[in-house]
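Please keep the viewer open as you read.

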Amino acid sequence: MNKKEKTLALAELEKLYPDAKPALHYTTAYELLVAVILSAQCTDERVNKVTAVLFEKYSTPQTMLTLSQAELERYIYSCGFYRMKAEHILSASK
């Protein structure tokens, strides 16, 4: 697909779905990144519950890096694959 075709496809999607919104809750690009990492093999509903608690204190890369991997794992345990997800979140935060 070339650039013109992509632009046309996006315009058509915007016409078909003018009120489309992401299911994940976030306020910054960083929060979206973390939510997307957590969403692998997990429901958006579960991710939103976990991030609501996590982002109260740890919504920036700097604050996230104050957590050890074990501490972060406890926050995200219910999303599944928590060890690898915690590793990826901390790596992305660096």
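## Ground rules

Contact means heavy atoms within 4.5 Å. With that in hand, Leu38 touches Val47, Val50, Thr51, Ile76, Cys79, Lys85 and Ile89, leaving aside residues up to four places away in sequence.

This is a predicted model, in which local features need pLDDT of at least 70 and side-chain atom pairs count only at pLDDT 80 or more, while totals for chains, interfaces and linings use all residues. Residues are numbered from 1 along each chain as its sequence is written, and side-chain values use heavy atoms, with hydrogens and water left out.

## Helix H2 and its buried residues

Helices are DSSP runs (H or I, at least four residues) numbered from the N terminus. Helix H2 covers residues 29-39, and its buried residues are Tyr30, Glu31, Val34, Ala35, Ile37, Leu38 and Ser39. Buried means under 20% relative accessible area, exposed over 50%, and partly exposed in between, with a 1.4 Å probe and protein chains only.

Which helices do the buried residues of H2 pack against? They pack against H3, helix H4 (61-64), helix H5 (69-76) and helix H6 (82-93). After H2 comes Gln41, with a positive phi near 55 degrees.

## H2 against H6

H2 and H6 pack with their axes 9 Å apart, at an angle of about 155 degrees. That makes H2 roughly antiparallel to H6. Here axes are lines fitted to C-alpha atoms, for helices over the stretch in contact, and angles run from 0 to 180 degrees between N-to-C directions. Angles under 35 degrees count as roughly parallel, over 145 as roughly antiparallel, 65 to 115 as roughly perpendicular and the rest as oblique.

The crossing of H2 and H6 is right-handed, a term used if the near helix is turned clockwise from the far one by less than a right angle, with anticlockwise giving left-handed. From H2, Tyr30, Leu33, Val34, Ile37 and Leu38 meet Lys85, His88, Ile89, Ala92 and Ser93 of H6. By class, the residues of this contact are seven nonpolar, two polar and one charged. Ala, Val, Leu, Ile, Met, Phe, Trp, Tyr, Cys and Pro count as nonpolar, Asp, Glu, Lys and Arg as charged, and the others, Gly among them, as polar.

## H2 against H3

The axes of H2 and H3 cross at roughly 135 degrees and come within 10 Å. That makes H2 oblique to H3. H2 passes H3 in a right-handed crossing. On the H2 side the contact is made by Glu31, Val34, Ala35, Leu38 and Ser39, and on the H3 side by Asp44, Val47, Val50, Thr51, Leu54 and Phe55. This contact of H2 with H3 has seven nonpolar, two polar and two charged residues.

## The nonpolar core

A nonpolar core is a set of buried Ala, Val, Leu, Ile, Met, Phe, Trp, Tyr and Cys residues joined through side-chain atoms within 4.5 Å. The largest one has 21 residues, and those with the most contacts inside it are Val34, Leu38, Leu54, Met64, Leu72, Ile76 and Ile89. H2, H3, H5 and H6 are the elements that give two or more residues to this core. H2 supplies the largest share, five residues.

Are Thr51 and Thr66 buried or exposed? Thr51 counts as buried because its relative accessibility is 2%. Thr51 lies in helix H3 (residues 44-57) and touches His25, Ala35 and Leu38, not counting residues up to four places away in sequence.

Thr66 counts as exposed, at 57% relative accessibility, and lies in the loop between H4 and H5. Leaving aside neighbours within four places in sequence, Thr66 is in contact with Tyr58 and Glu71.
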